[in-house]
Amino acid sequence: MLQHGTEAGFPATTSRRRLLTAAAGAGAALAATPLLTGCGTAQAKGGNLQFWNFYGPQRSPDPAINAQSKWFVDMVATWNRTHKQQIDLVYLPQPTYLNGFKLPSAFATGEGPDIFLLSPGDFLRYYNGGVLADLTPHMDQAAIDDYGSALDSRKVDGKVYALPMEIEPLAMFYAQDVWEKAGLSEADIPTTWEQMLDIGDKLRTKTRAGLVFETQPGYYQNFTWYPWMWQGGGDVMDHQGKVVFDSQATRQALALWQDAVRHGIAPRTVPAADDVIGGFKGGNVAMWQQGIWNVASFKAFAPKYRYGVFKLPVPPGGKYVTTLGGWSFCANAQGRNPEAAAEFCAWALGSMKDDSINRMVDWCVGAKSDVAPRASALERGAAKGGYDSEVMKKFKDEIFPGGRAEPRYPPVVYKAISDAIQGTMLAGRGVAGEAARAAQSIAAYTKSYKGASLI
Amino acid sequence: MSSVAAQQRRRTAAPAQSPASADTPRLSRKHREWLAAGLFLAPDVLGLLVFVAIPMVLSIALSFFQVSGFGSYQWIGLGNYRRMMHDPLFWDSMRITGEYVVILVPVLFCVSLGLGLLVKQKLPGVGVYRTALFLPYVISLVVVGVLWKFLLDEQTGVVNRAMRAAGFDGESWLGSPSLALGCVIAVMVWVMMGYYMIIFLAGLQEIPKEFYEAAKLDGAGPWTTFRTITWPLLRPTSFFVLLMSTVAAITGGLDLIFVLTNGGPANGTSLAIFYIYQQAFGFGEFGYASAMGSFLVLIMVVISAVIFKFTRGGRFDDGE
């Protein structure tokens, strides 16, 4: 009965099946190609300079985003009105820019943008890759002095390779209503880790996290973890470049996050799928370690929401430190016109002219909510009332002064630290073992490392 | 003399052709078919050459270079492969990939087959069900990731809300290393089941109805009918699904991992494809990533060969 080819229409069926089989084989061969290519080509010279960024031009329902986009558009329009070398803004969505392959692969193929935004954590990768132009010849010494220590992590051998547009300190944000309903007052704001965990434990419910630390692996999680290590006197490398990660301070910082998760005070994933404003407004968070940039987001999306901020608490015998993040303008040393690109960066943010200083003021207290990295811009921003609100005042006067710039560790170092944080916090591994393993991995890497100073 | 005779024969034969064809020689039917096939195939062949074959060759070449910085290459021979052999994170990612494939492929196969059998029935509104089940397949994996991130949220996710309403404690679905990989697999099954359901449905519809009618007359029950008719005749389709879903499991899902877990918690969802991506585009290790990519392709070729061997390429017989 089931002899093939004897039924009407069966040969055709068999043929289709064979085709299917052949297609499967071909598909298997072809689908098995997650391969990577990299072939350098000379950067085409001439034409408008490309400025890749994740702010503008774009239109958004969020007024803060629109204001930030406008700042970029206006800046480039002003340059284009007054300079022969024209610049085009190229917008990339933030997730694509931050974690995507577009920027690194563009540079790897010799098609990188002429001007771009760079985070401190990525500085060395791009510097060692030879794509950062020296901005120093285009700046006055007075402007470099005006930046002060804000330029330290963007310098190599005294030369400036990136100009920060902002400083973004981390602090604890808390929900005032939740706080008050639990019978807590401002006097209860924690100053020690133990107090912070106790209050977090008190404020948590099944649908509300008592305390939130970043949970997703990445540069950002490391960025938010560093201050807890620094507060106990720990570090990744000392001033001589020796790896000192395996220390009591490191272990206690790893243990802090591990304990918070183990006891259910901090969640294993960030609430509201990482929507900070939504998480607070929805009553799903009591305290969340976050950055100053969220002040602008609260203002835009939840202007009436009652929240407060406080300095990161410290361990016994520890000293207050927070991390200072922030993005910088960079010029591509292998771009169409590196001189003009570098000149643009210095013109935009690194000149002593009023326009340049005011541009930074507009960004830090107008379009966004940040601490200005230049002393003059910080003064003008304060005079303009940009730091008058209770929250911004606290950031400027209390939280920022104890800050330390985000380190510029290359990927291997980042990954070792990230694995230690993830392994202890979310997999419950021993803090001593993870700290030792990461330290060994970093030490092995630094022995053969060739590039600019890691510290 | 013989050449004159030949010329005469040619002259005599000439009038048999149409007058027009004397000026414009026509292609034979066979050649016309070849030409048509070539034209139809050309776009795909071109695409495969440009986007698959050439990058593949370049990538294998790149795997022998140390890429430092951007666009700076140094020949290191098998250095990247030696590094790969001693990289515990890579082998962890391979182990996780193995677990992922071993669970995902059978589950996806069974679910898709079950759905295929279900939607083959003449149910009221079956077209709507088919569409609804296929729909997740057409959604971008990034959107799928965002969607499930909300659904699986510890505090506010629908899944935990439902569990709490039923009297259970909620779980940290994406925050526990023991659960996160299972969640990724479940979401991938949800995404892919519609596609393979359609493949199975096509395979099921090719089985002549007469076979089922005969089985019914012989008094065969549903299980016997499935075991003796449906399952054997689905062999080419099953082979196709098995092979394609295995390859898709090994190479796909990057976007989903990226959005849903970023390889965490504690590298628990760091599949080989994610680790390779991270090394290439996160860390700029293009040469090393190419070496791992080439190794992964080799593994896939071996697995595909094994599947071919044990299923005889889905054929009914050993010949041809």
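**Close-up views of a predicted two-chain model**

View 1. Residues 179-202 of chain B are 100% helix and 0% strand, with end C-alpha atoms 34 Å apart, where helices (H or I, at least four residues) and strands (E, at least two) are DSSP runs numbered from the N terminus. This is a predicted model, in which local features need pLDDT of at least 70 and side-chain atom pairs count only at pLDDT 80 or more, while totals for chains, interfaces and linings use all residues. Residues are numbered from 1 along each chain as its sequence is written, chains are lettered from A and ligands numbered from 1 in the order in which they are written, and side-chain values use heavy atoms, with hydrogens and water left out. An unreviewed UniProt entry places the feature "transmembrane region" at several spans of chain B, among them residues 100-119 and 179-202; UniProt positions are given in the numbering used here, feature names are shortened, and annotations may be inferred rather than shown by experiment. Residues 100-119 of chain B are likewise 100% helix and 0% strand, and their end C-alpha atoms lie 27 Å apart. The unreviewed UniProt entry also lists "domain: ABC transmembrane type-1" at residues 94-307 of chain B, a span that is 78% helix and 0% strand, with its end C-alpha atoms 19 Å apart.

View 2. Ser328(A) belongs to strand E11 (residues 328-331) of chain A. With a relative accessibility of 1%, Ser328(A) counts as buried; buried means under 20% relative accessible area, exposed over 50%, and partly exposed in between (1.4 Å probe, protein chains only). The side chains of Ser328(A) and Arg154(A) make a polar contact at 3.0 Å, a polar contact being a pair of N or O atoms within 3.5 Å, where within protein one must be able to donate a hydrogen and the other to accept it, and residues adjacent in sequence count only if both atoms are side-chain atoms. Leaving aside residues up to four places away in sequence, Ser328(A) touches several residues, including Phe116(A), Leu118(A), Ala162(A) and Met165(A); contact here means heavy atoms within 4.5 Å.

View 3. A pair of aromatic rings is described by the distance of the centres and the angle of the planes. Rings of Phe, Tyr and Trp (its six-membered ring) pair if their centres lie within 6.5 Å, and planes under 30 degrees apart count as stacked, over 60 as edge-to-face and the rest as tilted. By this rule there are 63 aromatic pairs over all chains. Trp71(A) and Phe72(A) have ring centres 5.1 Å apart and planes at 70°, so this pair is edge-to-face. Phe72(A) is buried at 0% relative accessible area, and its pair with Phe329(A) is tilted, at 6.2 Å centre to centre and 40° between the planes. Because Phe72(A) lies in helix H2 (residues 63-82) of chain A and Phe329(A) in strand E11 of chain A, the pair ties together parts that are 257 residues apart in sequence. Phe329(A) is also buried, with a relative accessible area of 0%. Ring pairs link these residues into a cluster that includes Tyr55(A), Trp79(A) and Trp347(A).

View 4. A disulfide is a covalent bond between the sulfur atoms of two cysteines. Counting as a disulfide any pair of cysteine sulfur atoms within 2.5 Å, the search finds 0 disulfides over all chains. The sulfur of Cys345(A) is 6.8 Å from the closest cysteine sulfur, that of Cys330(A), which is too far for a bond. Cys364(A) is in no disulfide either, and the nearest cysteine sulfur, in Cys345(A), is 16 Å away. Cys345(A) counts as buried at 0% relative accessibility, and Cys364(A) counts as buried at 0% as well.

**View 5. A loop of chain B with a cis peptide bond.** Gly264(B) and Pro265(B) are joined by a cis peptide bond, with omega about -5°, and Pro265(B) is found in the loop between helix H13 (254-260) and helix H14 (272-282) of chain B. Asn262(B), in the loop between H13 and H14 of chain B, has a positive phi of about 50° although it is not a glycine. Asn267(B) lies in the loop between H13 and H14 of chain B too, and has a positive phi of about 60°, although it is not a glycine. Asn262(B) is buried at 16% relative accessible area, whereas Asn267(B) counts as partly exposed at 21%.
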